[in-house]
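This report goes through one protein model, from its contacts as a whole to its helices and loops. Please keep the sequence and the structure in view while reading.

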Amino acid sequence: MCSMVGFIDPATVSANSGTITDRSRLVARRLQKTDGEQIFMMPYNPGRHWVLLIVRAKRETVYFLAPLPVNRVVDEEAKNIVNSAIKIYNSHIGRQGHKAPIWKTLSGTPKQPSSVECGYYVTRFMRDIIMDTSLAFEKKVRRNYLHT
């Protein structure tokens, strides 16, 4: 699975971890160290809540998973960081003229029962995705969830 899944350190990309430009460059450097087929798990905290972004740079697709039962909206800062990182990645691999990445909010994930379990649920999302060696998380999450 190490060749299929990578991780981006949340301490380097979450809110208040430097400028958006600096954080985008850190994500881009991480993406550039692979063949492009690898997915990257990016836990992100915009401030007082954890969410999970799954970045597929070669497919220019980002998946968003949030354990809150309501208000499941991608943080604009996170979107800017990842979009810029993918643009840098595309430049690095010589791919030009591409549109902005596609963002998909995955439904069907378990919801946290109160306001304090988001870290647990984001960790659970990552574990469940990694446990499925086919990495067919997009199809499985939409249907129900990986391991409810």
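## Contacts, order and surface

Among contacts between residues at least 6 apart in sequence, 65% join residues at least 24 apart. The model is predicted. The protein contains 5 helices and 5 strands, and from the N terminus on the elements run β-α-α-β-β-β-α-β-α-α.

Of the 148 residues in the protein, 45% are buried.

## Confidence

The mean pLDDT of the protein is 84, with 88% of its residues at 70 or more. Confidence is highest in helix α2 (residues 20-32), with a mean of 94, and lowest in helix α5 (residues 137-143), with a mean of 59. Over residues 143-148 the pLDDT is below 50, although this stretch has 18 contacts in the model beyond near neighbours in sequence. Where pLDDT is low, the predicted coordinates should not be read in detail.

## Helix α3

Helix α3 covers residues 76-93. The buried residues of α3 are A78, I81, V82, A85, I86, Y89 and N90. Because these residues cover an arc of only 165 degrees around the axis, they lie on the same side of α3. E76, K87 and S91 are exposed on the other side of the helix.

Which elements cover the buried residues of α3? The cover includes α1 (10-13), α2, β2 (39-44), β3 (51-56), β4 and β5 (102-105). At the start of α3, the backbone nitrogen of E77 has a side-chain oxygen of D75 within 3.1 Å. After the helix comes G94, with a positive phi near 80 degrees.

Helix α2 has 13 residues and reaches 18 Å from its first C-alpha to its last, close to the 18 Å expected at 1.5 Å a residue. R23, S24, V27, A28 and L31 are its buried residues. Seen down the axis of α2, these residues fall within an arc of 140 degrees, and therefore line one face of the helix. Their cover includes α1, β2, β3 and α3.

The loop between α1 and α2 holds T19 and N16. T19 has a relative accessible area of 43% and is partly exposed. A polar atom of the T19 side chain lies 3.0 Å from the backbone nitrogen of D22. T19 and I81 are 62 residues apart along the chain, and their C-alpha atoms are separated by 9.4 Å; I81 is one of the buried residues of α3.

N16 is not a glycine, yet its phi is positive, at about 65 degrees. E60, also a residue other than glycine, has a positive phi near 50 degrees. E60 is placed in the loop between β3 and β4.

Is each of these two residues buried or exposed? N16 has a relative accessibility of 79% and so counts as exposed. E60 counts as buried because its relative accessibility is 11%, under the 20% cut-off.

P69 is in the loop between β4 (61-65) and α3. Its relative accessibility is 49%, so P69 counts as partly exposed; the cut-off for exposed is over 50%.

Which residues does P69 contact, leaving aside its neighbours within four places in sequence? They are K111 and Q112. K111 is 42 residues from P69 in sequence, while the distance in space is 5.4 Å, C-alpha to C-alpha.

## Helix α4

Helix α4 (residues 118-131) has 14 residues, which should span 20 Å at 1.5 Å a residue; the end C-alpha atoms are 20 Å apart, so the two values agree. The buried residues in α4 are C118, Y121, V122, R124, F125, M126, D128 and I129.

Conventions: Residues numbered from 1 in each chain as written. Heavy atoms only, no water. Helix = DSSP H or I, 4+ residues; strand = E, 2+ residues; numbered from the N terminus. Buried < 20%, exposed > 50% of the residue type's maximum accessible area, 1.4 Å probe, protein only. Contact = heavy atoms within 4.5 Å. pLDDT = per-residue confidence, 0-100. Arc of directions from axis to C-beta. Polar contact = N/O pair within 3.5 Å; in protein donor to acceptor, adjacent residues only side chain to side chain. Expected span 1.5 Å × (residues − 1).
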